[in-house]
Amino acid sequence: MAESLAVKQGPNTKKLIIGWIVTILLPCLVMLLPVNEIMTAQLKLYLAITLVAVLFFVFEQVNSTVVALLLPIAYVLILKAPAEAVYRPWSMSILWMLVGGFLLANVMERVGLLRRIAYKCILLTGASYKGIIWGIALAGVVIFLLMPNDNAAVPIAALAYGICLSLNLKKGPESAGIMLAAALAAMLPGCFLFNTGVFMQFSLGEAVTGPLTMGWFEWLYHCFPNAFYYVALFFVIIKMFGKNANMNGKEYFAAEYKAMGKITNDEKRVLVDIAILMAFIFSNPIHHIDVLWGFAVIPFFMYFPGLQVADGEDLKNVNWGMIIFGGGCLSIGTVAGVMGFGDLISQAIVPVIEGRSYTFVLFLVYIGYFVLNFIMTPMAITVTFTLPLAQVAMDIGMNPVALYILMGNASDQILLPYEVVLWLVYFSFGMMHMKDFIKFMSVKTVINMLFMFLFMIPWWKISGFLTL
């Protein structure tokens, strides 16, 4: 039995040992770099400390929330970085937006609003297999309009899993199609609809770009070609996984929707709160207040008389670990600006790409993300490279917001589920084979690349969005 246990633990132990060796060795090598006018002793120490944290995120030897808590402290105590720079992320709207976003998602799930929207959309599209896929696609757009981030991704995954079980689907192509459609619906509408995720990059690169913002209609104007990319992926799912599907779930979804009864007062209160939030977003050209503060404040209206529907459990169930993780990651960017990390990377890269087209530069970034996704999480890549790449963009006269949008698209192009946590969540429900996942994600990556470089970037050139 002991031998059997050792065999089971062997690969994990080997991986753990390799992780620790790399995590210790690479920062030590950084500390051996010669000091000069560009690579100062303080910048070298910053790189070593940051590399330790990033490698912890990659190899997962230590809980990521713990690392995110300790990293800013290390910047203050070891690097002697100014505390106002280290903890500046906690004065930004982005972290408080996440709190409000998670709260809104929790309440929407608890009162049944997410299920009501999904069931209604599926009934509208016919509830055949093809209808279920298009219904999920439509529901994703509606939910993202109400809540422009992927905070509802996990509840939508559970909903899709429940649909598979209710339709007696086993692990196979049909169930894979439903789970993959749900994942797309939860995460991808932000490629063309207003997406609060880009504001994290705004914050990470602010030290070199200055404050940036973007409105709802402005985002749609610059990103609308991606709407066709979104639709194309659901066509692919139907063709790839629905060939032999012969089902009709109309009775099931009609019964489930009927069982929910008329829309409840709690659901109405949530919709009123969302309406206030949407009004705040659309009126941004008038009040000029950072829209993220709306997400940070307005969901809490649901604790006050008149709109009271949220309770203590909704706030307790906020993903506080993710909030802390986000704060730690953002501190990498704020401290990088103080240390001059962006200037270091820019001086190394700009001479190499000088004279090259913006399309070529964006292609290099895109390919870099695709390769790095195998060994780093997209979050780790983003927090490590946003500021230096923003510096490069500024130095060559390219709009950093265009760069951020491309980075967001590239970060989602993966082949294996472990590369992105949310994709892993959907895969972990056990309703799809690895071969089906890889096949679809390979096609998805090719389609995304074609849309980005044949449609999106040419549109940016025509509209003048690509240049400062």
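**Cavities, a pocket, salt bridges and a surface patch**

1. The largest cavity is lined by Ala-118, Ile-122, Ile-136, Ala-139, Gly-140, Ile-143, Ile-156, Leu-159, Ala-160, Ile-163, Ala-182 and Ala-185. Helices α6, α7 (129–146), α8 (153–166) and α9 (173–187) each give two or more residues to this lining. A helix here is a DSSP run of H or I with at least four residues, numbered from the N terminus.

2. On the source: this is a predicted model, in which local features need pLDDT of at least 70 and side-chain atom pairs count only at pLDDT 80 or more, while totals for chains, interfaces and linings use all residues. Residues are numbered from 1 along each chain as its sequence is written, and side-chain values use heavy atoms, with hydrogens and water left out.

3. How much space does the largest cavity hold? Its volume is about 100 Å³. A cavity is a set of points on a 1 Å grid, over the protein atoms alone, where a 1.4 Å probe fits but cannot get out, and lining residues have an atom within 4 Å of a point. Points are joined across faces, edges and corners, and the volume is the space filled by probe spheres set on them. The lining of the largest cavity holds eleven nonpolar residues, one polar and no charged. In this scheme Ala, Val, Leu, Ile, Met, Phe, Trp, Tyr, Cys and Pro are nonpolar, Asp, Glu, Lys and Arg are charged, and the others, Gly among them, are polar.

4. The count of cavities of 30 Å³ or more comes to two. The second largest cavity contains about 50 Å³ of space. Its lining consists of Gly-140, Ile-143, Phe-144, Met-147, Asn-149, Asp-150, Ala-152, Ile-156, Ala-185 and Ala-186. Here the elements that supply two or more residues are α7 and α9, and α7 gives the most, with three. By class, the lining divides into seven nonpolar residues, two polar and one charged. Gly-140, Ile-143, Ile-156 and Ala-185 are found in the linings of both cavities.

5. The second largest pocket has a volume of about 210 Å³. A pocket, in contrast to a cavity, is an open set of points with protein on both sides within 12 Å along at least five of seven lines. This pocket is lined by 14 residues, and Ser-93, Ser-203, Glu-206, Leu-212 and Asp-290 lie nearest its centre. Helices α5, α10 (198–209) and α16 (291–297) each supply at least two lining residues. The most come from α10, with four residues. The lining is made up of eight nonpolar, four polar and two charged residues.

6. How many salt bridges does a search of the whole structure find? There are six, a salt bridge being a side-chain nitrogen of Lys or Arg within 4 Å of a carboxyl oxygen of Asp or Glu. Glu-206, listed above near the pocket centre, has its side chain in a salt bridge with Arg-88 (2.7 Å, N to O). The pair links distant parts of the chain, with Glu-206 in helix α10 and Arg-88 in the loop between α4 and α5, 118 residues apart. Glu-206 is partly exposed, with a relative accessible area of 22%, and Arg-88 is also partly exposed, at 34%. Buried means under 20% relative accessible area, exposed over 50%, and partly exposed in between (1.4 Å probe, protein chains only).

7. Arg-110 and Asp-314 form a salt bridge through their side chains (2.8 Å, N to O). Arg-110 is in helix α5 and Asp-314 in helix α17 (residues 312–316), so the pair links distant parts of the chain, 204 residues apart.

8. Another salt bridge joins the side chains of Arg-116 and Glu-267 (2.6 Å, N to O). Because Arg-116 lies in helix α6 (residues 113–124) and Glu-267 in helix α14 (residues 265–282), the pair ties together parts that are 151 residues apart in sequence. Both Arg-116 and Glu-267 are buried. Elsewhere, salt bridges that share partners join Arg-110, Asp-311 and Asp-314 into one network.

9. A nonpolar surface patch of about 990 Å² includes Val-66, Leu-69, Tyr-87, Trp-90 and Trp-293. Such a patch is made of residues with over 30% relative accessible area and no salt bridge, nonpolar side chains (Val, Leu, Ile, Met, Phe, Trp, Tyr) being joined within 5 Å and like charges within 9 Å. Areas come from the Shrake-Rupley method with a 1.4 Å probe. Helix α3 (residues 64–77) gives the most to the patch, with five residues. Trp-90 is found in the loop between α4 (83–86) and α5 (93–111) and is partly exposed, with a relative accessible area of 31%.
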